[in-house]
Amino acid sequence: MEQTESGKKLILAIIQEADYDMVVSALTEHSFYVTQLSSTGGFLKKRNVTIMIGVENERLEVVLDILKQYTGRRVQRTYTPTMPGGIPVPVDVRAGGATVFVMSLDSLEKY
């Protein structure tokens, strides 16, 4: 059986809550529908948002460009008890950005 590339994709993008408003505004301005799922990151314990976007192949790069533009990386200070006695030590870590999964869909219906 010959496999054919689906003409539709499902994008799951995990972004920081701080980036959510700008990302979703830009996506809706370009006529993309977005569904939000709440999630929590494991490392910084900050609230993340996972968004789902169904898109035709021809418009995939537009979504990816928006995600790259509005989920910028930044340095964030956190405190880790690494000194003897549990004294918190400031540590700068990279935060932001997006983790993006792109999956082929057999069908994409909107009712």
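Ser-31 is found in the loop between H1 and strand S2 (35–40). Helices (H or I, at least four residues) and strands (E, at least two) are DSSP runs, numbered from the N terminus. The model is predicted: local features need pLDDT of at least 70, side-chain atom pairs count only at pLDDT 80 or more, and totals for chains, interfaces and linings use all residues. Residues are numbered from 1 along each chain as its sequence is written, and side-chain values use heavy atoms, with hydrogens and water left out.

Phi of Ser-31 is near 65 degrees, a positive value in a residue other than glycine. Phe-32 lies in this loop between H1 and S2 as well. Ser-31 counts as exposed at 54% relative accessibility, while Phe-32 is buried at a relative accessible area of 5%. Here buried means under 20% relative accessible area, exposed over 50%, and partly exposed in between (1.4 Å probe, protein chains only).

Leaving out residues up to four places away in sequence, Phe-32 touches Leu-27, Ile-53, Val-55, Arg-59, Val-62, Val-63 and Ile-66. A contact means heavy atoms within 4.5 Å. Phe-32 and Ile-53 are 21 residues apart along the chain, and their C-alpha atoms are separated by 7.2 Å.

**Overall layout**

The protein has two helices and six strands, in the sequence pattern β-α-β-β-α-β-β-β. Buried residues make up 28% of the 111 residues. Of the contacts between residues at least 6 apart in sequence, 67% join residues at least 24 apart.

**Nonpolar core**

In soluble globular proteins, nonpolar side chains tend to be buried together. A nonpolar core is a set of buried Ala, Val, Leu, Ile, Met, Phe, Trp, Tyr and Cys residues joined through side-chain atoms within 4.5 Å. The largest one has 18 residues, of which Ile-11, Leu-27, Phe-32, Ile-51, Ile-53, Val-63 and Leu-67 touch the most other members. Strand S1 (8–16), helix H1 (17–29), strand S3 (47–56) and helix H2 (60–70) each supply at least two residues of this core. Beyond four places in sequence, Ile-53 touches Lys-9, Leu-10, Ile-11, Leu-27, Phe-32, Tyr-33, Val-34 and Val-63.

Gly-54 is found in strand S3. Its contacts, not counting residues up to four places away in sequence, are Lys-9, Leu-10 and Leu-108. Gly-54 and Leu-108 are 54 residues apart in sequence and 7.0 Å apart in space, C-alpha to C-alpha.

**Helix pair**

The axes of H1 and H2 come within 9 Å and cross at roughly 150 degrees. Axes are lines fitted to C-alpha atoms, for helices over the stretch in contact, and angles run from 0 to 180 degrees between N-to-C directions.

On the H1 side the contact is made by Asp-19, Met-22, Val-23, Ala-26 and Leu-27, and on the H2 side by Val-63, Ile-66, Leu-67 and Tyr-70. Asp-19 is found in helix H1. Leaving aside neighbours within four places in sequence, Asp-19 is in contact with Tyr-70, Thr-71, Gly-72, Arg-74, Gly-96 and Gly-97.

**Accessibility of selected residues**

| Residue | Relative accessible area | Class |
|---|---|---|
| Asp-19 | 5% | Asp-19 buried |
| Ser-31 | 54% | Ser-31 exposed |
| Phe-32 | 5% | Phe-32 buried |
| Gly-54 | 22% | Gly-54 partly exposed |
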